[in-house]
Amino acid sequence: MDEILDRWSSQARKGYFEMLLLARLKAGRAYGYQIVAALKQAPGFENLAEGTVYPVLTRMKKDGLVTAEWVADDTGPPRKYYTVTELGDRTLDAMHGIWRRMDEVLLAQPAKEAS
Amino acid sequence: MRMTLELTTREARRLWADFLRRLDWANRDLAGPERAEARAEAIAHIAEDMAVLELPDEADRLREALTRFGIPAAPPPAWRKPLAIVLHYLAIMVMGASGLVILILLHMTLMEALNPAAVGLYIYPGDNVLTLSYEAQDGARELLGGWFIPTFLMISALGSAALYGLWHVALSPTGPVSRWMRP
């Protein structure tokens, strides 16, 4: 069963990825390292290879879901801050809608069987 | 944007140079500015991570930060590219010549069905060499007989499979030889 769960979990993580990134950025603009730190709090993402976040952020930027700008920092190298766009905000809301409907369907199954 | 990571020990600099080489190879399909951007983001990330890691040795901090970031696969050694080019063009020639032979064998198989008395595999008198003929001369002893068609269909199928394998390895855009040929 572990192997089946691992496979399912791996597929599910790919689906959550952009949603989690958008959710983090909706809370406020953030740079890559902060985004990764937030992502690692989510179940299944604890051992995330941190570098995998950047190609996804780049794709999201190309899709117009986020914007990015380099900001100089006195204490270290410059940081690239990502901000969610209006399109990204609406996309996250739509993703939440799908998520809620999926949750409702899953919760309704045992109730249907019981009746 | 040009960014660097200031490192003081030789081991850390070696690790860092190796990582950048791997990163650039992993991003080789990106346009120049995008590759530079990816490199700058990686540098910023590793610098942030090294700053919070509580390991006394710089090289250990870097190693840990790189492991957490994910170390891309190493680029192939430089000698592979010329070898790959030779293999690539050699494979084209082999496939061309072998493909022609397979076509001839298939044509003979077809002709054997239409004219079984003439086409076949023969041994001529006073000669121990097997000879494929479209029109056998007097005194020739035919081998295979009715087995000619299935045998040559089998040989053609095996030859085609071998050519497909060669194409997959040496000519397919996703095959190892094509990957070695990329800059």
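## An exposed loop residue

Let's start with B:Q137, which sits in the loop joining strand 2 (130-133) and strand 3 (141-143) of chain B. Keep in mind that this is a predicted model. With a relative accessible area of 59%, B:Q137 counts as exposed, because the cut-off for that class is over 50%.

Now look across to B:Y124. Along the sequence, B:Q137 and B:Y124 are 13 residues apart, while in space their C-alpha atoms are 8.1 Å apart.

## A helix pair in chain B

Next up are helix 4 (residues 80-114) and helix 5 (residues 148-170) of chain B, whose axes come within 9 Å and cross at roughly 160 degrees. Angles over 145 degrees count as roughly antiparallel, so helix 4 of chain B and helix 5 of chain B are roughly antiparallel to each other. As for handedness, helix 4 of chain B passes helix 5 of chain B in a left-handed crossing.

What sort of residues make up the contact of helix 4 of chain B with helix 5 of chain B? They split into 18 nonpolar, 7 polar and 1 charged.

## The largest pocket

On to the pockets. The largest pocket has a volume of about 600 Å³. Its lining counts 25 residues, and those nearest the centre of the pocket are A:Y54, A:P55, B:N27, B:L30 and B:A38.

Sorted by class, the lining of the largest pocket has 13 nonpolar, 5 polar and 7 charged residues.

## The second largest pocket

The second largest pocket comes in at a volume of about 350 Å³. Which elements give two or more residues to its lining? Those are helix 1 (2-26) and helix 4 (86-114) of chain A. Helix 4 of chain A supplies the largest share of that lining, 6 residues.

If you'd like to select the lining of the second largest pocket, pick A:W8, A:A12, A:G15, A:Y16, A:M19, A:M95, A:I98, A:W99, A:M102, A:D103 and A:L106. By class, this lining has 9 nonpolar, 1 polar and 1 charged residues.

How values were computed: Residues are numbered from 1 along each chain as its sequence is written. Chains are lettered from A and ligands numbered from 1 in the order in which they are written. This is a predicted model: local features need pLDDT of at least 70, side-chain atom pairs count only at pLDDT 80 or more; totals for chains, interfaces and linings use all residues. Side-chain values use heavy atoms; hydrogens and water are left out. Axes are lines fitted to C-alpha atoms, for helices over the stretch in contact, and angles run from 0 to 180 degrees between N-to-C directions. Helices (H or I, at least four residues) and strands (E, at least two) are DSSP runs, numbered from the N terminus. Angles under 35 degrees count as roughly parallel, over 145 as roughly antiparallel, 65 to 115 as roughly perpendicular and the rest as oblique. A crossing is left-handed if the near helix is turned anticlockwise from the far one by less than a right angle, and right-handed if clockwise. Ala, Val, Leu, Ile, Met, Phe, Trp, Tyr, Cys and Pro count as nonpolar, Asp, Glu, Lys and Arg as charged, and the others, Gly among them, as polar. On a 1 Å grid over the protein atoms alone, a cavity is a set of points where a 1.4 Å probe fits but cannot get out, and a pocket is an open set with protein on both sides within 12 Å along at least five of seven lines; lining residues have an atom within 4 Å of a point. Grid points are joined across faces, edges and corners, and a volume is the space filled by probe spheres set on the points. Buried means under 20% relative accessible area, exposed over 50%, partly exposed in between (1.4 Å probe, protein chains only).
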